[in-house]
Amino acid sequence: TLDGLTLSYKVPWPVDIVISSECQKIYNQVFLLLLLIKWARYSLDVLQFDDLVHAAENPQLKLGSLFEQGTGSQFLIKKEPVKRQIHRMFLLRVKLMHFVNSLHNYMMTRILHSTGLEFQHQVEDAKDRKS
């Protein structure tokens, strides 16, 4: 898990008035959430079902031997044909990829980008009031 991972930065004065240690804790939480989402995207991108594909290509290989060796998927239903299981696993992978990619895009575009633009406008307004 990534619970122990944190980013820290010693903020010089007067910036430390705006970016306090409490604010940095919130930034760390957002960072960890984004990192977990990116890790999920990567994991789904590289996910392969090699043991199932190998079983489908070699019909003489028994599914029971995959279970005994511990290399088979935990979600295999012995009554279902292997090719159908592979197809269903790939469909599940695609659905999960769609969900994780949608969540990632939402976080990056709707939340982070718009929050960054809002902050930039607030900084510009602060400069206008100062002068």
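At 56% relative accessibility, Asp50 counts as exposed, where exposed means over 50% relative accessible area, buried means under 20%, and partly exposed lies in between (1.4 Å probe, protein chains only). Asp50 belongs to helix 2, which covers residues 50-57. Its C-alpha atom lies 9.6 Å from that of Ile86, although Asp50 and Ile86 are 36 residues apart in sequence.

The model is a predicted one, in which local features need pLDDT of at least 70 and side-chain atom pairs count only at pLDDT 80 or more, while totals for chains, interfaces and linings use all residues. Residues are numbered from 1 along each chain as its sequence is written, and side-chain values use heavy atoms, with hydrogens and water left out.

The protein has four helices and zero strands, and from the N terminus on its elements run α-α-α-α. Helices (H or I, at least four residues) and strands (E, at least two) are DSSP runs, numbered from the N terminus. Of the 131 residues of the protein, 20% count as buried.

The segment before helix 1 comes next. Val11 lies in this segment, and Val11 counts as buried because its relative accessibility is 13%. A cis peptide bond, with omega at about 5 degrees, joins Trp13 to Pro14. For context, most peptide bonds are trans.

How many salt bridges does a search of the whole structure find? The search finds one, a salt bridge being a side-chain nitrogen of Lys or Arg within 4 Å of a carboxyl oxygen of Asp or Glu. The side chains that meet in it are those of Glu22 and Lys25, at 3.5 Å from N to O. Glu22 and Lys25 are separated by about one helical turn because they are three residues apart in helix 1. Lys25 has a relative accessible area of 49%, so Lys25 is partly exposed.

Helix 1 and helix 4 each give two or more residues to the patch, and the largest share, four residues, comes from helix 4. Val30 is placed in helix 1 and, at 31% relative accessibility, counts as partly exposed.The largest pocket has a volume of about 390 Å³. On a 1 Å grid over the protein atoms alone, a pocket is an open set of points where a 1.4 Å probe fits, with protein on both sides within 12 Å along at least five of seven lines, and lining residues have an atom within 4 Å of a point. The lining has 15 residues, with Val18, Ile19, Cys23, Tyr27 and Phe119 nearest the centre. Helix 4 (82-130) and helix 1 (21-46) each give two or more residues, and helix 4 gives the most, seven.

Technical notes. Grid points are joined across faces, edges and corners, and a volume is the space filled by probe spheres set on the points.
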